[in-house]
Amino acid sequence: MNLEQLVRPNIRAMKAYSSARDEYKPTDEVTLLDANENPYTTDYNRYPDPYQNLLKYKIGKLKKVGNESIFLGNGSDEAIDLIMRIFCEPIIDNIIIPDPTYGMYEVAAAIQNVTVKRVPLSENFALNIDDFLATIDSRTKIIFVCNPNNPTGNLFDSNSLQKLINSFQGIVVIDEAYIDFANSDSFINRIDEFKNLIVLQTFSKAWGLAGIRLGMAFSNPEIIQLFNKVKAPYNLSSVTQSLVSNLIDNNKDRVSTEIEQLIKDRQIMILELEKLHIIDKIYQSETNFILVKFKDHQKVYNQLKINKLIVRDRSSALNCNGCLRITIGTPSENKKVLKVLESL
Ligand SMILES: Cc1ncc(COP(=O)(O)O)c(C=O)c1O
C-alpha cells in the first residue's frame, strides 16, 4: 500500500491550521494572549487541548495503544466523515460497503459526491470476500466493514476480514461500535500489523455516553496525522475531555456490569421471542440489539407504536424484509415489548 498515493492530492499538499500554542510545552508557564479569549475565568474561557492528550492517554491505557495511534472525534460519525474527505476525490473515487450495513458510510460518501459500491451479504448475512475483491477497481479507496454488523447483529469471520485487509491496496475501516457486546477480539490489537487498517469504536453504546458524542479511530501514526491535519482544531470541548477522563477512572466497573446485564437480557429476550408464533426468524446477535423477522412486521410495528414503544423498521434493507431491529433496554422495557408482542 502506498499511503501517499491514497491521500487526495489537496490534502497531501495543504498545511494544517497551526496555533501559536503549538510552540510551547503544556508544562511551560505562559501568558495566553494569542487566541482572543476572554481572560476572566469561567472555567471554560480557554480553548481546549486540540490533541486531547490526557483523554487519549486514559483511552490508550484502556485499549493498550499510544496517543499517536488515536484520533478522537465528535462521535465516530466525525471519523467516518474525515476518512471520506482524506482519501476520496469527489466524482472520481469510490468506496465499497456490505449490504445491508450502517447507513452513515453512504451518507458521508454522498456528501463528498463519492460513488458507493454495495456488496450483498449472503442470506444469513455472511461476508463473501471474493465478491468484495471482485468489486475493487483502480479508484476504490476505502472498504467499510461494520463488525459486528448493524443492523444484522452478526460478527464476520475474522480470517475473512484478515484476507480482505491483506488483499486490498486501499484503506479498510473496521467499525467496532458494538464490539463490547461481542465474543470476539478487537482489531485494535492489529493496527501495527496492517498499515491500511483503521478501527473505529465509540463511547455511545457500551459506555452509555451517546449524548456526549465521543468516537475513536485507531490506526498507525501516519494515518492519525492525516486526521489531525484535517480535523477542526478544537473538535472536542473541554467539557467532553474532562468529563470522559473522569468517567474512565471511575466508571469501568459500572460499564462492565451493564455490558454483562445487557448480554444476559439479550439472551432472555431471544428465549422469550422464540415462544411467539408471530415471528419467522430471530437473527443471532453479538450486539445490544436483535434483528427479528416478523410474519407481519407492519402490524407489529404499529402495535408497538400505539404503545409508544419505538423500534427501528429495517424491512427495506436487503434480505431484511419483515425485519424490525429491537434495542435491548432495561428488563422492564424489554417486558413492555414482549407484552405487546404476546398480545398479537
Ligand atoms: C455501526 C455504527 N457505527 C457508528 C455509529 C455512530 O456512533 P457515534 O455515536 O460514535 O457517532 C453507530 C450508531 O448507531 C453505529 O451503529
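User: Two strands pair if DSSP finds at least two bridges between them. With that in hand, what makes strand S5 and strand S6 a pair in this model?

Analyst: Happy to go through it; bear in mind that the model is predicted. S5 (residues 171-175) and S6 (residues 197-202) are joined over four bridges, in the parallel sense.

User: Why are S1 and S3 said to stand at the edges?

Analyst: The sheet is open, with seven strands in the order S1-S7-S6-S5-S4-S2-S3 and mixed pairing. S1 (70-73) and S3 (115-120) each have a single partner strand, so one side of each has no neighbour in the sheet. On average, neighbouring strands here are turned by 20° against each other, ignoring direction.

User: How do you know whether His 297 is buried or exposed?

Analyst: Its relative accessible area is 17%. Buried means under 20%, so His 297 counts as buried. His 297 belongs to helix H11 (residues 297-306). Beyond its neighbours within four places in sequence, His 297 is in contact with Asp 313, Ser 315, Gly 322 and Leu 324.

User: Which residues make the nonpolar surface patch?

Analyst: Tyr 44, Val 239 and Leu 243 make this patch of about 270 Å². Tyr 44 sits in the loop between helix H2 (9-13) and helix H3 (53-63).

Key
Residues are numbered from 1 along each chain as its sequence is written. This is a predicted model: local features need pLDDT of at least 70, side-chain atom pairs count only at pLDDT 80 or more; totals for chains, interfaces and linings use all residues. Side-chain values use heavy atoms; hydrogens and water are left out. Helices (H or I, at least four residues) and strands (E, at least two) are DSSP runs, numbered from the N terminus. Axes are lines fitted to C-alpha atoms, for helices over the stretch in contact, and angles run from 0 to 180 degrees between N-to-C directions. Patches are made of residues with over 30% relative accessible area and no salt bridge: like charges are joined within 9 Å, nonpolar side chains (Val, Leu, Ile, Met, Phe, Trp, Tyr) within 5 Å. Accessible areas come from the Shrake-Rupley method with a 1.4 Å probe; for residues, only the protein chains shown count as cover. A salt bridge is a side-chain nitrogen of Lys or Arg within 4 Å of a carboxyl oxygen of Asp or Glu. Buried means under 20% relative accessible area, exposed over 50%, partly exposed in between (1.4 Å probe, protein chains only). Contact means heavy atoms within 4.5 Å.
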